[in-house]
Amino acid sequence: MRFSIKKRTQFIISYLLMCLTALIIFSSCYKDNSDQIVQRTTTTKQFKLAELLEALNLNNSNLKETVVEVQGVVEDVNYLNNRSTIILSEKGQTDVLAICDIQENQSLLLENLKQGQVIKIKGILKGSLKDVILLNCLITN
Amino acid sequence: MRMNKFLLTLLLIINFGFNEKPEQVISRQGKVSFFSYTSVENIKAENNQALSIINLEDGSIAVSMLMNTFVFEKALMKEHFNESYIESDIYPKATFEGRILKFDSSIKGEQTRIIKGTLLMHGVSNELEIKSKIENNDGKYILSGTFETLVKDYNINIPPLLAGNIAKSIEVNFKFEYEPYEN
């Protein structure tokens, strides 16, 4: 009798553990993985900021939602709305900007950035309003 | 005499230069978030790249945002939002054009005003009146507020199977921090 209670408890515990594992796997599968997509993507189209804007103006919709690498001049680094953002400009053209929302693991690199520094950023190209918008960005160079 | 005239002109230019207020202010990283509360699940998404320009002279305001820049906690929510509900391929932007009623840009500190205008989303335009708080901290303007909007007003089709997961009325919050804009 005692053995059967022990066995039943073991069964319930292992059943609960299985459910918990399944739940963890299920929720991790459906968590937004855009950061990982950018990290894993090694071959990307490379642009200077002005070229990217021109490509978007030509309604090149193939580029949207893809990982691209863009080169520009650091205009500003800010932490508005608890997000880390780099504003890039084109050399000699401060009216052409890119707003790059940076991944959380880039904080050390962000601290060392200087205004006017030329850098490359890799991220998911979302499109443009007045400025080009990239999300889930990584500083590559 | 000629020298005096020159000095007077110079003084006027300097005076105008220093007292000149910007006519327009811009916010490139406006925050717009929405919440859907149901007993089945809560859905929250945030857009931190909304663009807005205010004309300080007449209080006219314009907002534009890319629908695919909303960030969701779960990939599946983002997929459903962009592909099934908002159809961001077909309707990539949402825009708002309106006027801040009785807006006085010279008032320092806080003022609560009604913004009246048209929200265009998913190809459907709706007139809105939104109560907003405007802060003026030495020429740095912050606009914030909350409003509720109905999903059915924007011709968004939700399959009956998922109807319980999405609230009929969505709460929208916004906050824009502006800086002088010269175009």
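The model is a predicted one, in which local features need pLDDT of at least 70 and side-chain atom pairs count only at pLDDT 80 or more, while totals for chains, interfaces and linings use all residues. Residues are numbered from 1 along each chain as its sequence is written, and chains are lettered from A in the order in which they are written.

Select chains A and B together: 18 residues of chain A are in contact (C-beta atoms, placed from the backbone, within 7 Å) with 18 residues of chain B. On the side of chain A that touches chain B, the elements giving two or more residues are strands S4 (93-102), S5 (118-128) and S6 (132-139) of chain A, where strands are DSSP E runs of at least two residues, numbered from the N terminus.

Next, select residues 42-55 and 60-66 of chain B, which are strands S2(B) and S3(B), running antiparallel and joined by four bridges; strands pair if DSSP finds at least two bridges between them. Leu51(B) stands opposite Ser64(B) in S3(B), and the hairpin has four residues between its strands, with Gly59(B) in the turn at a positive phi of about 75°.

Finally, centre on Thr146(B), in strand S8 (residues 140-150) of chain B. Thr146(B) is partly exposed because 15 other C-beta atoms lie within 10 Å, a count between the limits of 12 or fewer for exposed and 20 or more for buried. Glu171(B), 25 residues away in sequence, lies 7.1 Å from Thr146(B), C-alpha to C-alpha.

Definitions and conventions
Two residues are in contact if their C-beta atoms, placed from the backbone, lie within 7 Å.
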